[in-house]
Amino acid sequence: SPSDPDLVERARTAKEKLGNKVFILGHHYQRDEVIQFADVTGDSFKLARDAAARPEAEYIVFCGVHFMAESADILTTDDQKVVLPDLAAGCSMADMATAEQVAECWDVLTEAGIADLTVPVSYMNSSADIKAFTGKHGGTICTSSNAKRALDWAFEQGEKVLFLPDQHLGRNTAVRDMGMSLDDCVVYNPHKPNGGLTAEELRGAKMILWRGHCSVHGRFSLDSVNDVRERVPGVNVLVHPECRHEVVAAADYVGSTEYIIKTLEAAPAGSKWAIGTELNLVRRLANRFADEDKEIVFLDKTVCFCSTMNRIDLPHLVWALESLAEGNLVNRIQVDRETESFAKLALERMLALP
Ligand code: CIZ
Ligand code: SF4
């Protein structure tokens, strides 16, 4: 739906008034009405780095979800203030691993005698607390673009990996990219005693996958792939690695949002694509490439937007910008120093990956 012209004008005015003091980051999954005001767009990691490259911007307005704003706060200077236009914009996947649950899991691994052999690898889509846990225990962060390199590194440091919080990215990377078998992976369920695993099962596993998933990508199914192949003959199926293993196994191409965008940019005219990722991004890409005669459809019409991403709408952005322009710092996301220092350690290990 077209943006309300009055709100567009107000956003523009407030942004102009703030000038170089504000830098607006727009995640790929954000609404068009918000993306039009973004100074840069990208995935969570690229955006955090873009913010860090703008030390003159006192306010970083992060149009995305909570863990992304935390990561931006971790990577920017203490003088830069990161603002999330709606504090209710969380991430269901990140929320599936709390600090207490992960500490308990580490106790279970210790009890089974394998904690010393285990290296935590945490997906960018996790809270600052989980990133700090990862840093403290010798582990690294990964994104969907460098998950294989992170696992290669981790298996040089230890014999086992505890992969947090997205079981699908962990499993897909282990099986598709590292040649492991499904039997090398076990799933740790934080809602069950001992994760629902015996000490034997833990000792026999190479990959201990946290039982988390994305509520959007996890909804694509093997039927989605089969149905679209029938509906659109000759279609190329391109999905994000947060999708379930059977979806990824049935797809033609698998990769991060940045990979998806680059693949479509390079695709020949006349080609047809079914995309398994967030709907705001898929729609935007379908519009962008319509002129070039690339047919782009959403992998499964029953799957919806990321509801928490969509909480950041134009009214919230206007409110945040007008507040800042009036000198009121609202909705600041600030990670405490200790958490920040351990989380940074884990992020720096990722940056140092070969
Ligand atoms: O699924 C998401 O939320 C992704 C891919 C986030 C990001 O940009 O890392
Ligand atoms: Fe979290 Fe999934 Fe939404 Fe990304 S798309 S913010 S992983 S729930």
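The UniProt record, an unreviewed entry, carries the annotation "binding site" for His 27, Ser 44, Tyr 123, Met 124, Asn 125, Ser 144, His 240, Pro 241, Glu 242 and Thr 257. The structure discussed here is a predicted model.

The shell around ligand 1 consists of Asp 43, Ser 44, Met 124, Asn 125, Thr 143, Ser 144, Cys 214, Glu 242 and Thr 257.

Two of the annotated residues, Tyr 123 and Thr 257, are set side by side below.

| Residue | Element | Other C-beta atoms within 10 Å |
|---|---|---|
| Tyr 123 | strand E5 (residues 118–123) | 31 |
| Thr 257 | helix H13 (residues 257–266) | 23 |

Tyr 123 counts as buried because 31 other C-beta atoms lie within 10 Å, the cut-off being 20 or more. Leaving aside neighbours within four places in sequence, Tyr 123 is in contact with Cys 142, Leu 164, Pro 165, Asp 166 and Leu 169. Thr 257 is likewise buried; with the neighbours within four places in sequence again set aside, its contacts are His 28, Asp 43, His 240, Thr 277 and Leu 281.

Within H15, the residues Leu 314, Leu 317, Val 318, Ala 320, Leu 321 and Leu 324 are buried. They lie on the same side of H15, because they cover an arc of only 165° around the axis. These buried residues pack against helix H1, strand E1, helix H2, strand E3 and strand E4. Just after H15, Gly 327 adopts a positive phi of about 85°.

Methods
Residues are numbered from 1 along each chain as its sequence is written. Chains are lettered from A and ligands numbered from 1 in the order in which they are written. This is a predicted model: local features need pLDDT of at least 70, side-chain atom pairs count only at pLDDT 80 or more; totals for chains, interfaces and linings use all residues. A residue is near a molecule or strand if its C-beta atom, placed from the backbone, lies within 6 Å of it. UniProt positions are given in the numbering used here, feature names are shortened, and annotations may be inferred rather than shown by experiment. Helices (H or I, at least four residues) and strands (E, at least two) are DSSP runs, numbered from the N terminus. A residue is buried if 20 or more other C-beta atoms lie within 10 Å of its own, exposed if 12 or fewer, and partly exposed in between; C-beta atoms are placed from the backbone. Two residues are in contact if their C-beta atoms, placed from the backbone, lie within 7 Å. The arc is that of the directions from the helix axis to the C-beta atoms.
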